[in-house]
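Dear colleague,

I am passing the structure below on to you, together with some notes on its strands. Please read them alongside the coordinates.

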Amino acid sequence: MRKWVYRFGGGTAEGSKADIAHLGGKGANLAEMASLGLPVPPGITIVCDACNHYLKNGRALPEGLREEVLSGLAGMEELTGRRFGDREKPLLLSVRSGAQASMPGMMDTVLNLGLNDETVQALGHDAGDARFAWDSYRRFIQMYADVVMGLDHEIFEEILEDEKARLGYEYDTDLSAVDWQHVVSLYKRVIEEELEETFPQDPQEQLWMAIAAVFRSWMNPRAMTFRTLHRIPEEWGTAVNVQAMVFGNLGSSSATGVAFTRNPSTGEKALYGEFLVNAQGEDVVAGIRTPQSLTEEARLSSGSEKPSMEKLMPEAFAEFNAVCARLEAHYCDMQDLEFTVERGKLWMLQTRSGKRTTKAAMKIAVDMVEEGVITEEEAVCRIEPASLDQLLHPTIDPRVERHVIGSGLPASPGAATGEIVFTSEEAVAVEAEGRKVILVRIETSPEDIHGMHAAEGILTTRGGMTSHAAVVARGMGIPCVVGAGSMRVDMRNEVLTGIGGITLKRGDIVTIDGSSGQVLKGAVPMIQPALSGDFGKLMAWADKTRRMSVRTNADTPQDARAARSFGAEGIGLCRTEHMFFEGDRIHVMREMILAEDEAGRRTALTKLLPMQRSDFVELFTIMHGLPVTIRLLDPPLHEFLPKTEGEIADVATAMGMEPAFLARRIDAIHEFNPMLGHRGCRLAISYPEIAEMQARAIFEAAIAAAENTGEPVELEILVPLVGLRAELDYVKGVIDRVAKDVAAETGRAIAYLAGTMIELPRAAIRAHVIAETAEFFSFGTNDLTQTTFGMSRDDAAAFIPTYQRKGIIERDPFVSLDFDGVGELIRLAAERGRRTRNDLKLGICGEHGGDPASIRFCEDADLDYVSCSPFRVPIARLAAAQAAIDRRNGGVAWMG
């Protein structure tokens with residue numbers, strides 16, 4: 001019989017951390033802590049498959065689940081000495097989500113479940129604190145009404161704020177038991193008015209409705225957005241953890257907090273976190289009150305006058321500190337923990353591997369290797385390759401004057417400049433117009449996920465280092481400043497007020513520094529970060545581990561220099577056409593295209609030759625000692641010509657011709673489907689003089705660069721869009737003939753390889769024949785994806801999101817390689833090509849060359865190298881290392 005519920009507590013558990021796929025991260029780790037004998041409130045975990053069953057079967061709970069939950073509840077009652085719904089010693093419950101992957105704030109939670117008009121009296125009597133009981137009841141009503149009944153929590157916040165104003169109170173803690181009792185009556189009244197139903201008094205009804213609500217929250221918009229951004233499969237579902245409540249709001253000897261065993265921003269080995277006295281867990285992350293430091297060192301560093309937990313609760317702190325050390329040693333990783341102190345007694349509510357900035361992840365991984373905790377290969381696998389983008393964010397130039405208009409907590413490092421927007425919807429809209437934005441909020445909530453993703457940076461006036469904005473921004477790698485208490489946000493009038501009364505409106509420019517916590521007026525100069533220290537050590541371990549080499553796609557000297565500084569091992573794709581768009585070159589290029597005969601084209605090409613040659617000399621010199629792949633002209637010629645009437649008139653004037661004549665020439669070379677038209681090798685066959693000029697520029701530059709550097713150029717010439725071997729034979733014949741001519745003229749022989757791009761299905765299928773001529777294959781996966789799917793990547797954005805939302809495809813095939821279709825063609829071409837030529841060099845040069853999932857496929861397909869844009873080279877180096885480790889260890893190198 002299927003088991004739906006797993007128990008934990010009292011020093012034992014039915015599950016463990018190995019059961020994360022069934023119990024979710026929270027449930028698996030609660031079971032693990034319970035088995036370790038740590039103080040964990042008893043509870044049960046309803047498995048993830050129960051969520052899937054509920055959602056796929058008309059929202060019906062699985063058969064047998066109720067009986068297992070009630071049995072588990074009886075066990076909790078026995079361990080706590082309390083009874084659920086009892087009128088003397090009531091057991092209250094928390095009901096929390098918990099998926100395999102951490103999704104902070106994306107799904108729903110209900111605390112203090114089991115309270116009603118009778119049990120609230122019993123709770124107050126049993127605790128000897130009526131105020132605590134009524135405070136807990138109002139929290140429950142607000143949370144339950146929001147999560148289960150669908151009444152917006154802001155309605156309750158408004159009631160509470162109005163009551164505090166009426167009573168002259170500043171903090172929630174100022175309210176007495178009588179005050180809270182009145183607030184509860186107001187909450188219940190608004191539920192009746194808004195929903196036309198009364199607040200449920202039956203604890204059993206409350207429980208089952210809450211469990212169902214948590215299941216449903218797996219499909220709420222913010223959770224779906226988060227899963228899409230982080231590639232979390234929908235079919236995972238979420239577990240539900242039902243646990244005995246412990247209370248941090250039971251007076252001055254009680255508290256609740258969040259902690260990391262190391263600093264999640266810097267990686268420093270020091271306990272990091274915050275706590276609140278006389279509070280429940282949501283108070284810490286909500287920013288309602290300013291949290292206090294855990295340690296004295298942190299308190300002194302922050303300049304806070306409020307006592308630390310170390311000073312205020314020394315015994316509970318000492319026990320907690322020991323638990324932190326034990327859990328980090330047990331998991332061999334930095335932990336993110338939640339805890340409650342109930343009248344001096346410590347309770348652990350959660351542990352998980354803590355989210356951290358990439359800078360912190362690097363330091364933690366390197367430090368743990370040096371501490372002997374993990375191996376070098378384990379350290380390499382600890383870093384998410386895509387997260388290296390965080391290290392490439394600009395920082396503010398330290399030499400510039402800062403016009404500081406506010407400051408807060410440095411929640412996520414890096415600096416960002418943009419227009420102020422006050423809502424997530426506006427952030428998305430403005431970003432879609434190509435403008436950069438800073439999302440400014442009093443505090444963020446999970447509903448802001450889409451706006452946070454669209455923003456360059458985030459600024460909030462409330463919240464601490466573990467607030468929603470801070471945690472989510474760090475995970476996304478977005479610069480963030482929180483708790484900027486010196487600033488005020490007027491949401492209604494869309495005004496941000498800073499120090500000295502400076503006011504900024506929507507659309508004004510600000511800069512935030514997520515490393516210092518400063519907010520600056522206007523835009524300021526930025527500098528690029530230097531990659532060294534822990535980054536250098538970890539990347540050296542990665543390079544020692546990986547099999548594939550990593551090249552770059554570089555068309556300019558600037559690209560080549562940047563890529564080499566990031567560790568590129570050559571150029572895998574130089575698109576020569578990009579060189580023709582610069583300065584006066586476009587005029588000469590147009591002269592060549594518009595020439596009416598070969599003689600006219602050759603005259604223009606003679607002018608282009610020295611331009612191309614000088615570009616290649618510089619590229620070859622920068623990349624000396626490394627392979628450089630030059631692709632011959634690929635795009636259709638019309639791309640170099642003017643489009644609008646105004647542009648045509650301007651170009652005609654510059655070239656000394658009539659606009660009407662120019663318009664006719666442009667119309668003559670117009671193509672209905674240029675992607676599949678007169679481009680690539682077809683141009684070289686139609687106009688061999690173009691290929692001759694480019695080949696001569698390449699060979700003469702290679703000779704010059706070799707003389708400059710003292711090293712021969714490792715040269716590869718790439719012929720694009722080949723579908724027939726005969727096409728490659730023809731163009732290679734032109735290349736070989738020019739090579740002989742240059743050698744004869746200079747007395748210098750040039751070593752080179754001539755190969756082709758595999759970007760047409762026919763080329764992949766006929767790879768064994770094409771390899772008789774080609775000395776290497778470079779898979780152009782951008783065009784190969786287009787021609788395999790029969791879709792234009794420029795137009796696919798109109799329907800790809802719909803396909804993903806409806807489950808037709810999981811990934812955008814232009815972002816992450818389609819393993820089953822395009823990938824199968826790559827495998828086929830690789831196998832057939834090497835059958836003909838066993839030393840055939842294979843690489844990939846499309847945008848997929850910088851995508852970690854695609855790189856894992858390339859490792860499995862035995863490609864020799866990947867090539868990507870310069871700033872993705874570190875990502876590719878790390879991903880290639882992880883793929884090699886995974887493959888050696890018997891893991892799946894790719895998933896179709």
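This is a predicted model: local features need pLDDT of at least 70, side-chain atom pairs count only at pLDDT 80 or more; totals for chains, interfaces and linings use all residues.

Residues are numbered from 1 along each chain as its sequence is written, and side-chain values use heavy atoms, with hydrogens and water left out.

Strand 6

Strands (E, at least two residues) are DSSP runs numbered from the N terminus. Seven of the seven residues of strand 6 (residues 238-244) are buried, so this strand is largely enclosed by the rest of the structure; buried means under 20% relative accessible area, with a 1.4 Å probe and protein chains only. Thr238, Val240, Val242 and Ala244 point one way, Ala239, Asn241 and Gln243 point the other way, and all are buried.

Two strands count as paired if DSSP finds at least two bridges between them. Strand 6 pairs in the antiparallel sense with strand 3 (residues 43-46) over four bridges, and with strand 4 (residues 93-99), also in the antiparallel sense, over seven bridges. Glutamine 243 of strand 6 is the bridge partner of glycine 43 and of serine 94.

Strands 19, 20 and 21

These three strands form an open antiparallel sheet in the order 19-20-21. Strand 19 (488-490) and strand 21 (503-505) stand at the edges with a single partner strand each, so one side of each is left without a neighbour in the sheet. Strand 19 is joined to strand 20 (residues 495-497) by three bridges, and aspartate 490 stands opposite valine 495 in strand 20.

With best wishes

Definitions and conventions
Buried means under 20% relative accessible area, exposed over 50%, partly exposed in between (1.4 Å probe, protein chains only).
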